[in-house]
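Hi,

Here is the structure I promised to pass on to you. Please have it open while you read, and my notes follow below.

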Amino acid sequence: MLDIKLLREDPEGIARRLKSRNPEIDISEIITLDRRRLELIRQVEDLKAERNRGSQAVGRLKKSGEDASTLLKKLADIAAQIDAYETELKEIEPRIDDLLARLPNLPHPSVPVGRKEEKVVIRSFGGQPTADFPVKHHLEIGEEKGILDFRRAAMIAGARFPMYVGMGAMLEMALIQFMFAFHAKNGYTPVLPPFLANADSFYVSSQLPKFANEIYHCEKDDLYLNPTAESLLANMHRDEILSVDELPKYYVAYTPCFRREAGTYGEEERGLIRVHQFNKVELFKYTTPDTSYQELDDLVHEAEGVLQALGIHYRVVVLPTQDLAQQSSKTIDIEVYLPGQNRYYEVSSCSNCEEFQARRGKVRYRPGPKEKPRYVHTLNGSGVATSRLMAAILENNQLPDGRIRIPDALQPMVGAEYL
RNA sequence: GGAGGGGUAGUCAAGCGGUCCAAGACAACGGUUUGCUAAACCGUCGAGGGGUGCAUAGCUCCUCCGCGGGUUCGAAUCCCGCCCCCUCCGCCA
């Protein structure tokens, strides 16, 4: 959520920056409604001040036994007038709130302006693997080894739900535990949050109101299935004023993630690439505004640490303005290489949301003893998402003889060296 | 799911139609005193919004007592609906 004051003070400048993300964005209706809103507030407040003075006078008159009927008549008129203005306000304010809640965050100046394709690769780890034998797609590997069973998963739940079986399940659990412990060791507070959450929580994280169609909703209880632990961790300190020496705060959560993925899927996204349910270890930070971009860089490095420990080649890219998620000012993705498809896929998306979510959730901190509260900055990043990581391991670690080498770090947990 | 109790500022807590513009205590902060620490004393001390300011400074007005409605000239206080927490009962992994 942007500060409406920014729109008041510099409507053209803000409009320009928002259009760099999406040329369709138009803030003129908000500006118009906001002007009317301010006008009404001024009138209502003047009237209320008058009413308050009058009501106190009524109290005094009655106490001394005098007649207050003339004044009461006048106050009734004022009350009616206030009511009329407030009725209009109650119409306008939700509209402003809704329009504002749908506007994206302002992109950071360092973000390249442009379309999706214009992402910038800033570094990579390891060489792109080259095999001198025909590499298989992870689906094929999964079937051969009997560790992935999409057919039965479809029967139980539907298409695009994964089911890990046998060593596949062992490996997936090992990955989760390995990543969770990895970040906990790096100073992140481990969290296992509720996997369902209410609408307020998703409003704070910015999933609602605009992306309601992307998340599963349990109507009977009005709860939503978690699409990313970011949404949950963004609510850890809702309505709090944190003390400055509590910051920065780091959290790591493990959750399954559920996404409707409404729309069409490409053939290249078959298998574990785009599914309705996947496991993710999520990193989340609450920081002061002056440190948040340093913290973003650190966050990316910490997420990369997982892939380095597993020995998987990846590259790091900065997303351009038109590819940013609504709440993000700057996003840095980590992409792993899948030799079975000769393509890179995102396994981590690390974003600085600055005060966008903090404003929605009223998460603030007090810079000094007598100072006014300020909004914190929130950052999130996958550390990392499996399913895709599983696909990467299966495809990258295949050997000419058909075996799959399990990364050293996971071998003790899986109890095997090869699949 | 049923019965009862409760939600007031950072925490505790009073108030139950008009001097509430929310008492008081604790915590916090500033100061005085003081070999040091502590204590004592004095003072400051919630948030959001509007107006006026270069101001995140003053001044001023409005709003907020779990949330949303209603009654009233006037609501923390009365009425209705909802949410959350605690205790007990029921059900249950």
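A word on conventions before the rest. This is a predicted model, in which local features need pLDDT of at least 70 and side-chain atom pairs count only at pLDDT 80 or more, while totals for chains, interfaces and linings use all residues. Residues are numbered from 1 along each chain as its sequence is written, with chains lettered from A and ligands numbered from 1 in the order in which they are written.

Now the chain as a whole. Chain A has 13 helices and 14 strands, which are DSSP runs numbered from the N terminus (helices: H or I, at least four residues; strands: E, at least two). Its C-alpha atoms fill a box of roughly 100 × 45 × 45 Å along the principal axes. Of the 419 residues of chain A, 35% count as buried (20 or more other C-beta atoms within 10 Å of a residue's own; 12 or fewer is exposed, in between is partly exposed, and C-beta atoms are placed from the backbone).

Next, the helix pairs. The axes of α3 and α4 come within 8 Å and cross at roughly 155° (axes are lines fitted to C-alpha atoms, for helices over the stretch in contact, with angles from 0 to 180 degrees between N-to-C directions). That crossing angle makes α3 roughly antiparallel to α4; angles under 35 degrees count as roughly parallel, over 145 as roughly antiparallel, 65 to 115 as roughly perpendicular and the rest as oblique. The residues of the contact of α3 with α4 divide into 19 nonpolar, four polar and twelve charged.

For helix α5 (residues 138–145) and helix α12 (residues 388–396), the axes come within 9 Å and cross at roughly 80°, so α5 is roughly perpendicular to α12. H138, I141 and G142 of α5 make the contact with A391, L394 and E395 of α12 (two residues are in contact if their C-beta atoms, placed from the backbone, lie within 7 Å). By class, these contact residues are three nonpolar, two polar and one charged.

The peptide bond from L208 to P209 is cis, with omega near 5°, and P209 sits in the loop between α8 (199–205) and β4 (217–218). The bond from L247 to P248 is also cis, with omega near -5°; P248 is in the loop between β6 (241–243) and β7 (249–258).

Is D239 buried or exposed? D239 counts as exposed because it has 10 C-beta neighbours inside 10 Å. Although not a glycine, D239 has a positive phi of about 65°. E354, also not a glycine, has a positive phi near 45°, and E354 is buried, with 24 other C-beta atoms within 10 Å.

Best wishes

Notes
Ala, Val, Leu, Ile, Met, Phe, Trp, Tyr, Cys and Pro count as nonpolar, Asp, Glu, Lys and Arg as charged, and the others, Gly among them, as polar.
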